[in-house]
Amino acid sequence: AGAARAERERLTAAAGTGPTTTADGVRVEVAANVSGVSELRVAVEQGAEAVGLLRTELAYLDRREAPSEEEQVALLRSLADLTTGRIVVRTFDFGADKPIAFLDVPAETNPALGVRGIRLARAHPDLLDAQVRAVCAAARATGRPFAVMAPMVATVEEATWLRERVDAAGGGVEVGAMVEVPSAVLLARDLADRLDFLSIGTNDLTQYLHAADREDARLGGLQDAF
C-alpha cells in the first residue's frame, strides 16, 4: 500500500509539469470531460491541458428558464482562464430522459431512441443558437480555441445544419459531431467532409450497436468499449 501511494504521489506531481508526450516524443494533448469550472480546476491539477467535452446540459437542469447567453459566455470565459488548450463544448444533450422544466417535451416510450441531442436542438433552434453564439463570443473574447460538438448526429443533413447554425452565429470555432449512432459510423466519411472533427461516444455507440440498454446490469457483458 505504501509503495502504491508513493507511486501515485510521484505521478500526480509529474502530471502537470508540461506538455504531454509519448516516450518517443509524439505530442498528445490530454483533455478532460467536465461539467464546469470546479471539475476543470481539479483536472488541470491532475495534468489536463484541454476540455475534450463540456457537458453543458447541467447548466439547464433544475432551472425555470434557459440560461442567458451572457451566463453561458461567462462560464466559457471562466473555463478559458484555467487552460490554454482547446475547449470542446458539447451542445445540450437532454430530452425525455433528462426532463427540462422550461421545455414542454412529451413523454416517450423509449427516450434513448427519441428526441434528444441534436434532434431536440432542431425542434428548439433558439436554444441551440443562443448556445452557439455564446461559444463564438467566448472564442472572440478570449482568443482561445473553442469548438462546438453536437451529440446524436445520425445524418449528413444534421451535420450540415449544425455547420450552418455555427456559421450564422459568427463562426471562428471548429464544428464537430459525436459518433454514437451506428448510422454515423457508416456515414463517417461524408460527415468528415462537412465537419472539422469527430468524437467517438463509446457508451451510446456500444449500446446501440448491441441493442442493449447500458443501464441494464444483466447486459453489462456487452458494454465493452473495445
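**Close-up views of a predicted protein chain**

**View 1. Phenylalanine 94 in the loop between β3 and α4.** Phenylalanine 94 is located in the loop that runs between β3 and α4; helices (H or I, at least four residues) and strands (E, at least two) are DSSP runs, numbered from the N terminus. The structure is a predicted model, in which local features need pLDDT of at least 70 and side-chain atom pairs count only at pLDDT 80 or more, whereas totals for chains, interfaces and linings use all residues. Residues are numbered from 1 along each chain as its sequence is written, and side-chain values use heavy atoms, with hydrogens and water left out. With a relative accessible area of 1%, phenylalanine 94 is buried; buried means under 20% relative accessible area, exposed over 50%, and partly exposed in between (1.4 Å probe, protein chains only). Residues up to four places away in sequence being left out, phenylalanine 94 touches Glu57, Tyr60, Ile100, Leu103, Val115, Arg116, Gly117 and Leu120, a contact being heavy atoms within 4.5 Å. Threonine 56 is 38 residues from phenylalanine 94 in sequence, and the C-alpha atoms of the two are 9.7 Å apart in space.

**View 2. Aspartate 93 and its polar partner.** Aspartate 93 is placed in the loop between β3 (87–90) and α4 (118–123). Its relative accessible area is 5%, and aspartate 93 is therefore buried. The side chain of aspartate 93 forms a polar contact of 3.3 Å with the side chain of arginine 116. A polar contact is a pair of N or O atoms within 3.5 Å; within protein, one must be able to donate a hydrogen and the other to accept it, and residues adjacent in sequence count only if both atoms are side-chain atoms. Arginine 116 is also among the residues that phenylalanine 94 touches.

**View 3. Helix α9 and aspartate 204.** Helix α9 comprises residues 202–210, and Asp204, Leu205, Thr206, Gln207 and Tyr208 in this helix are buried. The buried residues of α9 pack against β5 (174–179), α7 (182–186) and β6 (197–200). Aspartate 204, which lies in α9, has a relative accessible area of 5% and is buried. The side chains of aspartate 204 and arginine 214 are joined by a polar contact of 3.2 Å. Apart from residues up to four places away in sequence, aspartate 204 touches Arg116, Glu180 and Arg214. Alanine 211 follows α9 and has a positive phi, near 50 degrees.

**View 4. Two loop residues with positive phi.** Aspartate 62 is situated in the loop between β2 (50–55) and α3 (69–80). Its phi is near 60 degrees, a positive value in a residue other than glycine. The relative accessibility of aspartate 62 is 85%, so this residue counts as exposed. Methionine 152 belongs to the loop between β4 (146–150) and α6 (156–168). Although methionine 152 is not a glycine, its phi is positive, at about 65 degrees. Methionine 152 is buried, its relative accessible area being 2%.

**View 5. Valine 173 in the loop between α6 and β5.** Valine 173 is found in the loop that links α6 and β5. A relative accessible area of 10% makes valine 173 buried. Its contacts, not counting residues up to four places away in sequence, are with Val135, Cys136, Ala139, Phe146, Ala147, Val148, Val166 and Asp196. Alanine 217 is 44 residues from valine 173 along the chain, and the C-alpha atoms of the two are separated by 39 Å.

View 6. Valine 30 lies in the loop between α1 (2–15) and β1 (31–34). Valine 30 is partly exposed, with 32% relative accessible area. Beyond its neighbours within four places in sequence, valine 30 is in contact with Thr20, Gly47, Ala48, Glu49 and Ala50. One of these residues, alanine 50, is 20 residues away along the chain, with a C-alpha separation of 6.5 Å from valine 30.

**View 7. The chain that holds these sites.** The secondary structure of the protein chain consists of 9 helices and 6 strands. Its radius of gyration is 19 Å, close to the 17 Å that the globule rule gives for 226 residues, so the protein chain is as compact as a globular protein of that length; the radius is taken over C-alpha atoms, and the rule is 2.2 Å times the number of residues to the power 0.38. Of the 226 residues, 39% count as buried.
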